[in-house]
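Let us walk through this protein from its overall make-up down to single side chains. Keep the sequence and the model side by side.

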Amino acid sequence: MAINKKIFALLMIMFSIIGASADNGINSPYSRYGMGILSDQSLGINRQMGGLGYALRSHRFINIKNPASFSTADTLTMLFETGFSMQNVNFKEGGKRINARNASFDYIAIQFRLCKNLGLSAGFLPYSNVGYSCSSTERPGTNEAHTDTYNGAGGVYQPYLGLAWKPFSCFSAGVTGSYIYGDITHQVVYEYANSSSSSKTYNATISNYKVDFGVQFMAKLAAKHHLTFGATYSLGHNLNAKGTKTLSVSGVAQDTTIVCGFKLPNTYGGGFAYRYNDQLTIGADYTYQQWSTSTFWGDNTSVGTDRSIISLGAEYSPNQISKNLFKMMSYRAGLRYAQPYTKIDGKEGCDEYGISAGISIPFYNNNNSYSHGTLHISGEFIHLRPRSAGLITENYLRINIGITFNESWFMKLRVR
């Protein structure tokens, strides 16, 4: 498939407009708890493979799951990737069902080589998102009914810079430093039949750092058989978030400073990827996050709980140098399971089950002389199943779209 630079520039502008005009892609009452709905912390190919990434290495795409992978950066080119997603979510509670649609800008990232065996990556992606609006009508001991309306908005964002060094052909190590910042707001409004009302508003401002370390070990088992092991560690620490609680009764507001208790968890990850003949790749990842030391808003309504995540994925790339487009395309699929990271009003939260599949389509310049970019398209189905009675079941159907640009910025031209 041929495409020129003007069309690529137009696509980049389109992605920027879509990203700027879309909301954060979240419409879930579960974002009321903890730090909201956590981002996948992954790019296009990872999402196609159920979040797999700790042991993946390739000069054709950016893999932020493990900073040790940045050392694969090609000598002559710079990778630039951006992506967004669209989703439909179905909420089910008892016999009631409601649908909601959202779109969001997801990430932007670059990667290039600084010098031999030293690669750099930088980018921007969300860490967590908050967005919901719901209400409930209750009739207490008296005959006076009241309506409680809950609203939340905001999120935490993560610009990052990472380096990776490969001192040996079988080993690579990397580190990523991120700036974590954002604002989160929760509000509940109580309205009574006698027209009186009151409200509580919680605000938190986060501004701190995040550090991730990663290593990868590469082994050649035979002529066409390769095995890679990857491991990561993310440093846990207090975020020292600033928080306020505003109580408003009959229009009179009173602010109180609160201790948020937000804390990044110690996170451990490990996985493997087996590659055959540069065509077939299969792998598995395991992640463990220690959220149990977090209390978030300083009370027992939102308490952290340790979380495990399992990802399984596979990739099939028939022939990367073929002139047949279908043989040059990459086909990927994956499975994912994740435990909840918060308790909800003292109850166990929701288990997450996901399945994904996608394709990556290469683009060429006008003379078909070299690959100029790749379009990543994937679909995900995610099911949130409550562990406790009385909670809402959520089903997501999500479409992820990303583009990787492979620009030959560092190629030396020879004049004859």
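Helices (H or I, at least four residues) and strands (E, at least two) are DSSP runs, numbered from the N terminus. By that count the protein has three helices and 19 strands. This is a predicted model: local features need pLDDT of at least 70, side-chain atom pairs count only at pLDDT 80 or more, and totals for chains, interfaces and linings use all residues. Residues are numbered from 1 along each chain as its sequence is written, and side-chain values use heavy atoms, with hydrogens and water left out.

Start with the whole. The protein has 416 residues, and 49% of them are buried (under 20% relative accessible area; exposed is over 50%, partly exposed in between; 1.4 Å probe, protein chains only). The accessible surface comes to about 20,000 Å² (Shrake-Rupley method, 1.4 Å probe; for residues, only the protein chains shown count as cover). Carbon and sulfur atoms hold 59% of that surface. Take the contacts (heavy atoms within 4.5 Å) with a separation of 6 or more: 66% of them join residues 24 or more positions apart.

Now go inside. In soluble globular proteins, nonpolar side chains tend to be buried together. A nonpolar core is a set of buried Ala, Val, Leu, Ile, Met, Phe, Trp, Tyr and Cys residues joined through side-chain atoms within 4.5 Å. The largest one here has 23 residues, and M35, Y127, I206, F262 and W297 have the most contacts inside it. Strands β4 (118-138), β5 (146-168), β6 (171-192) and β7 (197-222) each give two or more residues to this core. The largest share, four residues, comes from β6. W297 touches, among others, I184, Y202, I258 and F262. A second, separate core has twelve residues, including Y30, Y33, L384 and Y396.

S28 lies in the loop between α1 (5-21) and β1 (37-38). S28 counts as buried because its relative accessibility is 0%. Its side chain makes a polar contact with that of E394 at 2.7 Å (a pair of N or O atoms within 3.5 Å; within protein, one must be able to donate a hydrogen and the other to accept it, and residues adjacent in sequence count only if both atoms are side-chain atoms).

What about the charged side chains? A search of the whole structure finds eight salt bridges (a side-chain nitrogen of Lys or Arg within 4 Å of a carboxyl oxygen of Asp or Glu). One joins D106 and R47 at 2.9 Å, N to O. D106 sits in strand β3 (residues 96-115) and R47 in helix α2 (residues 44-48), 59 residues apart. D106 is buried because its relative accessible area is 7%; R47 is buried too, at 8%. R387 and E348 form another bridge, at 3.4 Å. R387 is partly exposed, at 39%, and E348 is partly exposed at 31%. E348, D351 and R387 are linked in a network of salt bridges.

Which side chain of opposite charge is nearest to E81? It is R47, 7.8 Å away, and buried E81 has no salt bridge (Lys and Arg count as positive, Asp and Glu as negative; His and the chain ends are not counted). E81 is found in strand β2 (residues 78-93). Its side chain makes a polar contact with the side chain of T404 at 3.0 Å. A polar atom of that E81 side chain also lies 3.1 Å from the backbone nitrogen of G44.

Definitions and conventions:
Lists of a residue's contacts leave out its neighbours within four places in sequence.
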